[in-house]
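Colleague: I would like to learn how to read a structure like this one. Please take me through a few features, one at a time.

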Amino acid sequence: AVLSSYGVLTVLVLNSALRLYTSTKFKRNPAKKNDWVLPNLFCLCSGICVITGAFTGVMFQLLGIYSKSALGMGNHLAYVAFKEATQSYRRLGFHTFLTCLGSFVAVFLISLRNMTKEDERFGDKIFGIMAVLTVLG
């Protein structure tokens, strides 16, 4: 059940990241020197989130299916052998899961910064609060 949970959670994060990617528009200001940083960082983090999320989702779903198939056929020895043989893949999947979550947080914060940077009264405060909550959370 845990294997499937990682897959489902990853697919939900992946869906949110793709939604942010398609809905976030950056306004270019040629007068600013570093205007290219946020859009490119956003694309990089989005790409990392999508690639690691797709890998994690598919891998944990396949591991869950094969595990349940072995148990469903009453072949407990095959299940134990399968778990031992796929330990490195489960570890890799967990690391890509964490990478997907971390890159999603980066995508969210960049999108939030893009939305709040033009509000001179509260933009920096809102972004600062969210960044601190992210670091603490």
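Predicted model: local features only at pLDDT ≥ 70, side-chain atom pairs only at ≥ 80, totals over all residues.

Colleague: How should I read the packing of two helices?

Modeller: Two packed helices are described by the angle between their axes and the distance between the axes. Here, helix H2 (residues 37-72) packs with helix H3 (residues 76-85) at an angle of about 155°, and the axes are 7 Å apart. An angle over 145 degrees counts as roughly antiparallel, so H2 is roughly antiparallel to H3.

Colleague: Which residues make the contact between H2 and H3?

Modeller: H2 contributes Leu63, Tyr66, Ser67, Ala70 and Leu71, while H3 contributes His76, Tyr79 and Phe82. Sorted by class, six residues in this contact of H2 with H3 are nonpolar, two are polar and none is charged.

Colleague: At what angle do H3 and H4 pack?

Modeller: The angle between H3 and H4 is about 55°, with their axes 4 Å apart. That angle makes H3 oblique to H4. On the H3 side the contact uses Lys83, Glu84 and Ala85, and on the H4 side Gln87, Tyr89 and Arg90. By class, the contact of H3 with H4 has three charged, two nonpolar and one polar residue.

Colleague: How do I read a salt bridge?

Modeller: Side chains of opposite charge can pair when their charged atoms come close. The structure holds two salt bridges. In one of them, the side chains of Lys27 and Glu118 meet at 3.6 Å, N to O. This pair links distant parts of the chain, 91 residues apart: Lys27 is in the loop between helix H1 (2-23) and H2, and Glu118 is in the loop between helix H4 (87-116) and helix H5 (123-136).

Colleague: And how is empty space found?

Modeller: Rolling a probe the size of a water molecule over the atoms shows where empty space is left. In this model the largest pocket has a volume of about 250 Å³. It is lined by 13 residues, and those closest to its centre are Lys27, Asn29, Lys32, Asp35 and Lys117.

Colleague: How many residues of the lining of the largest pocket are charged?

Modeller: Seven are charged, four are nonpolar and two are polar. The largest share of this lining, three residues, comes from H2.

Note on methods. Residues numbered from 1 in each chain as written. Heavy atoms only, no water. Axes fitted to C-alpha atoms, helices over the stretch in contact; angles between N-to-C directions. Helix = DSSP H or I, 4+ residues; strand = E, 2+ residues; numbered from the N terminus. Parallel < 35°, antiparallel > 145°, perpendicular 65-115°, else oblique. Contact = heavy atoms within 4.5 Å. Nonpolar A, V, L, I, M, F, W, Y, C, P; charged D, E, K, R; others polar. 1 Å grid on protein atoms, 1.4 Å probe; cavity = no way out; pocket = protein on both sides within 12 Å on 5 of 7 lines; lining within 4 Å. Points joined across faces, edges and corners; volume = space filled by probe spheres on them. Salt bridge = Lys/Arg side-chain N within 4 Å of Asp/Glu carboxyl O.
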